[in-house]
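Please keep the sequence and the 3D view open as you go through them.

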Amino acid sequence: MTDESRAPNLYRTDGGDEPPDVNEAVVAEWVEDTTPFERVHAIVRRTYDPESAGTIAERARVSPTTARKHLRTLVDAGEVTTTQDGGTTLYRRSETAIVTEHAQALLDERTPEEIASGIAEMKTTVREWRSEYDVESPEEFARTLDIADADSEHAGVLTEWRTTRRNLALAEAALAIEEASRTGHLSGTDTDDEGPNSDASAIV
Amino acid sequence: MTERGNGGSRQPQADHREVFGPIDAGALREIRDLFVDAEPLVKSASLDDPLNPQTLSVELSDGVGSAASSRFDIRWSLSGNYAFHYTDQQNRDFRFDCHPKPDAPTRHFHPPPDASSRPVEPSCIAVRDVPLVTRAVRQRFRDAYDRETFDGINDAENPP
């Protein structure tokens with residue numbers, strides 16, 4: 001229950017002092033099921049806009065001191081990147097970590113050949129949108145429309161287009177990582193002598 | 001190809017660029033794993049396209065009340081917008097959503113039996129992050145499933 005005393009200001013419930021509701025229950029369950037480090041990691045993993053350690057602490061239901069400690073570890077590991085805003089350090093997920101997470105998931109589920117053909121498909125899809133709506137980019141598409149409702153048909157296409165553009169970039173990065181790994185250049189286990197000599201005991 | 005629904009009374013807004021936002025593939029995988037770990041009724045959980053996922057579908061081996069099976073279709077965007085859409089073998093639907101919507105709260109609920117576009121209710125789910133929203137949606141489903149009725153599915157408090 002240690003973190004629950006702070007919980008009420010983290011979200012709004014209609015009545016205030018009511019018996020535990022679904023929101024309080026799931027916070028308690030999450031805190032019970034996870035360590036503070038896991039919660040900080042889970043929150044910062046989906047933080048794409050920089051946020052302060054204090055904000056991340058509130059979302060992760062840990063103290064600001066604990067959040068700062070774990071965020072420093074994640075920065076050192078390359079998972080998180082920082083920016084300065086006045087005197088405050090802001091944290092967000094690093095691009096490297098985004099690519100790595102996506103590449104690992106893709107390479108677990110698909111062969112390089114399947115990824116390559118998926119890339120070709122996504123490129124075709126984007127070409128078709130460009131020609132169907134006579135615009136170059138989803139941004140230009142959005143400007144030509146009056147989309148205020150995410151449930152509308154055009155909003156759906158817009159979301160799909162921007163999603164596809166992102167997943168295309170991630171799939172290409174995943175394929176590049178796979179190719180570099182397969183050749184052994186990354187680990188120095190290739191036959192060339194130019195690789196980094198970071199691990200002389202590497203099994204060949 | 002016009003906007004459906006609320007006619008021309010809405011004043012034009014300056015910023016329509018991002019109503020839902022690009023889908024977060026990593027978030028969909030995280031939600032998939034959370035559902036599979038927590039919910040024994042899960043029969044399968046898969047992305048519509050592993051390379052370019054737009055939707056996560058979680059198939060359940062039973063549904064609320066008389067429905068023999070059901071499914072959640074789930075979307076989650078980089079900006080934290082989401083849609084958890086329940087549909088079952090009796091063609092009953094509801095949806096817990098969080099995204100900008102004219103004349104509706106950002107966090108809103110499309111009630112059963114048809115989850116129609118309008119009108120919607122404020123959602124009982126106030127938490128925001130992936131692990132918490134996923135748990136909350138599952139909890140609301142479980143509550144309805146155990147009580148065998150959709151009544152109260154959007155109530156934050158469990159009946160005694």
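1. The lining of the second largest pocket consists of five nonpolar, four polar and eleven charged residues, where Ala, Val, Leu, Ile, Met, Phe, Trp, Tyr, Cys and Pro count as nonpolar, Asp, Glu, Lys and Arg as charged, and the others, Gly among them, as polar. A pocket here is an open set of points on a 1 Å grid over the protein atoms alone, where a 1.4 Å probe fits and protein lies on both sides within 12 Å along at least five of seven lines, and a lining residue has an atom within 4 Å of a point.

2. This is a predicted model, in which local features need pLDDT of at least 70 and side-chain atom pairs count only at pLDDT 80 or more, while totals for chains, interfaces and linings use all residues. Residues are numbered from 1 along each chain as its sequence is written, chains are lettered from A in the order in which they are written, and side-chain values use heavy atoms, with hydrogens and water left out.

3. The second largest pocket holds about 420 Å³ of space, a volume being the space filled by probe spheres set on the grid points, which are joined across faces, edges and corners. Of the 20 residues that line the second largest pocket, A:Arg45, A:Arg46, A:Glu101, B:Glu30 and B:Asp33 are the closest to its centre. With seven residues, α1(B) gives the most to this lining, helices being DSSP runs of H or I with at least four residues, and strands runs of E with at least two, numbered from the N terminus.

4. The largest pocket has a volume of about 920 Å³, and among its 35 lining residues A:Arg46, A:Arg59, B:Leu78, B:Ser79 and B:Gly80 lie nearest its centre. Its lining divides into 15 nonpolar, six polar and 14 charged residues. Because domain 1 (4-93) and domain 2 (97-183) of chain A both give residues to that lining, the largest pocket lies between them; the domain bounds come from an automatic or database domain assignment.

5. Which residues touch the most other members of the largest nonpolar core? They are B:Val58, B:Phe72, B:Trp76 and B:Phe84, in a core of 57 residues, to which α2(B) gives the most, with eight. Such a core is a set of buried Ala, Val, Leu, Ile, Met, Phe, Trp, Tyr and Cys residues joined through side-chain atoms within 4.5 Å, and buried means under 20% relative accessible area (1.4 Å probe, protein chains only).

6. Chain A has eight helices and three strands, and buried residues make up 39% of its 204 residues.

How values were computed. Buried < 20%, exposed > 50% of the residue type's maximum accessible area, 1.4 Å probe, protein only.
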